[in-house]
Amino acid sequence: MGSADVAAQSQRVKAFSGARVIDGTDRTPIDNATILVRDGKIAEIGPAARITVPSGAERIPLAGKSVIPGIVNAHGHVGDTVGLQGNRYSAENVVRDLRLYADYGVTTVVSLGGDQAPSFAARDSQRTATLDRARIFAAGPVLEPKSADEARKLVADDQTMKVDIVKIRVDDNLGSTTKMAPEIYRAVIDEAHKRGLRVAVHLFYLADAKALLEAGADFIAHSVRDTDVDEEVIGALKRRNVCYCPTLTREVSTFVYASEPPFFSDPLFLKYQDAQTIAALKEPSRQDAMRKSASAQRYKVALDVASKNLKKLSDAGVTIAMGTDSGAPAGRFQGYFELMEMEMYQRAGLTPKQVLAASTRDAASCQKIGGEVGTLERGKWADFVALDADPLADIANVKKIDSVWIAGNRVKR
Ligand SMILES: [Zn+2]
């Protein structure tokens, strides 16, 4: 290698220095850390005294900041799969949403349903050192087979589409629709497993959670919200280490717009969210309809049940994967709702450290992307957030964002 080549290579090295790094593993935070980034990935990470910064590296000072791994949302929706004005899914909207997530430090999102070719194209082009938007992994359409045969065909289609996970809904929407029959979801799960695919399930009821776990479900995409979780379901979750994704802010979105919610005056919310959507949610007729909505009141009760269940499951050692259901439908604000979701876990009784683990390492490992993201370790993408305050003192400090970095690139925000 000539000296010009050596110089060109060291140009691509970035050295972030001086921050207190919470790397997302169980290791104690590293004070005055250095993170060396080469070609978008972490080449070295540790105390400054132990790391040699190559001459010619670009130096980025982060003294006084707390650095955490980029936040991973294990259940979102991308590209306007179900917009306020109906389905407007498009490639442009996929990229727009991935930028919006990144504005809030959510650097990876697993889109659980409604995705089409543009989502997969975005995923397949993101393993590059020039990335500056959130990473995406995705399910295909939410499968709605009417027979076991159709179930197997739809799973085959999912595989052709190269989905990261299969998604189904087993819910009657508070008694208003027909629930997918057990023989059909069993066919989905069986066919998926035969093809080496995993299945994420939308559910509401404890009894369905038990039956779905028995059938082999791999990821619980919402809270059990009808009643308290029990030893039986805890045992079933732990036996196969099936992760549980609370999506508490999903419930919030169903009733909170009966009046103007406090976050409508948070500058961090207003800075990046769509003004038209906010205006629509402030319309008196819309607020009135939500105030009178019976389902809104029931989901409000369901949120209390869900919060209690989260604490109980976390205490029992079930792996929690932070997820929100943001992005579908409107009123579930991408990026901001993940930070709100994290605060809600703390309010439910989890420690800041537990909330952070659920929102980084565990969300990633639950979605089988822990080899690339979720912790700050050698060989993983340099996706991280620099904060102005310590998130381990209060998880609400994840809102005090100094800067967001994806593949070592500063997100313009
Ligand atoms: Zn969803």
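**Exercise 1. Describe how helix H10 packs against helix H11, and name the residues that make the contact.**

Solution. Two packed helices are described by the angle between their axes and the distance between the axes.

Step 1. Helices (H or I, at least four residues) and strands (E, at least two) are DSSP runs, numbered from the N terminus. The axes are lines fitted to C-alpha atoms, for helices over the stretch in contact, and angles run from 0 to 180 degrees between N-to-C directions.

Step 2. The angle makes H10 oblique to H11. Angles under 35 degrees count as roughly parallel, over 145 as roughly antiparallel, 65 to 115 as roughly perpendicular and the rest as oblique.

Step 3. On the H10 side the contact (heavy atoms within 4.5 Å) is made by Ala280, Leu281 and Lys282, and on the H11 side by Pro284, Arg286 and Gln287.

Step 4. By class, the contact residues of H10 with H11 comprise 3 nonpolar, 1 polar and 2 charged. Here Ala, Val, Leu, Ile, Met, Phe, Trp, Tyr, Cys and Pro count as nonpolar, Asp, Glu, Lys and Arg as charged, and the others, Gly among them, as polar.

The model is predicted: local features need pLDDT of at least 70, side-chain atom pairs count only at pLDDT 80 or more, and totals for chains, interfaces and linings use all residues. Residues are numbered from 1 along each chain as its sequence is written, and side-chain values use heavy atoms, with hydrogens and water left out.

**Exercise 2. Identify the protein donors of the zinc ion and state where His77 and Asp325 lie along the chain.**

Solution. 

Step 1. Zinc is coordinated by His75 (NE2), His77 (NE2) and Asp325 (OD), at 2.0 to 2.1 Å. Donors are N, O and S atoms within 2.8 Å of the metal (3.2 Å for Na, K and Ca); water is not among the atoms, so sites may look incomplete.

Step 2. The sequence spacing of these donor residues is H-x1-H-x247-D. Histidine 77 belongs to the loop between strand E6 (71-76) and helix H2 (91-103), and aspartate 325 to the loop between helix H12 (294-315) and helix H13 (336-348), so the pair ties together parts that are 248 residues apart in sequence.

Step 3. Histidine 77 is buried at a relative accessible area of 6%, and aspartate 325 is buried with a value of 6%. Buried means under 20% relative accessible area, exposed over 50%, partly exposed in between (1.4 Å probe, protein chains only).

Step 4. Aspartate 325 has a positive phi of about 70°, although it is not a glycine.

**Exercise 3. Where does leucine 174 lie, and what is its phi?**

Solution. 

Step 1. Leucine 174 is placed in the loop between strand E9 (166-170) and helix H5 (182-194).

Step 2. Its phi is near 60°, a positive value in a residue other than glycine. Leucine 174 is buried, at 16% relative accessible area.

**Exercise 4. Is glutamate 341 buried or exposed, and which residues does it touch?**

Solution. 

Step 1. Glutamate 341 is part of helix H13 and is buried, its relative accessible area being 0%.

Step 2. Not counting residues up to four places away in sequence, glutamate 341 touches Pro246, Thr247, Leu248, Thr249, Met322, Gly323 and Thr324.

Step 3. A polar contact of 2.6 Å links the side chains of glutamate 341 and tyrosine 345.

Technical notes: A polar contact is a pair of N or O atoms within 3.5 Å; within protein, one must be able to donate a hydrogen and the other to accept it, and residues adjacent in sequence count only if both atoms are side-chain atoms.
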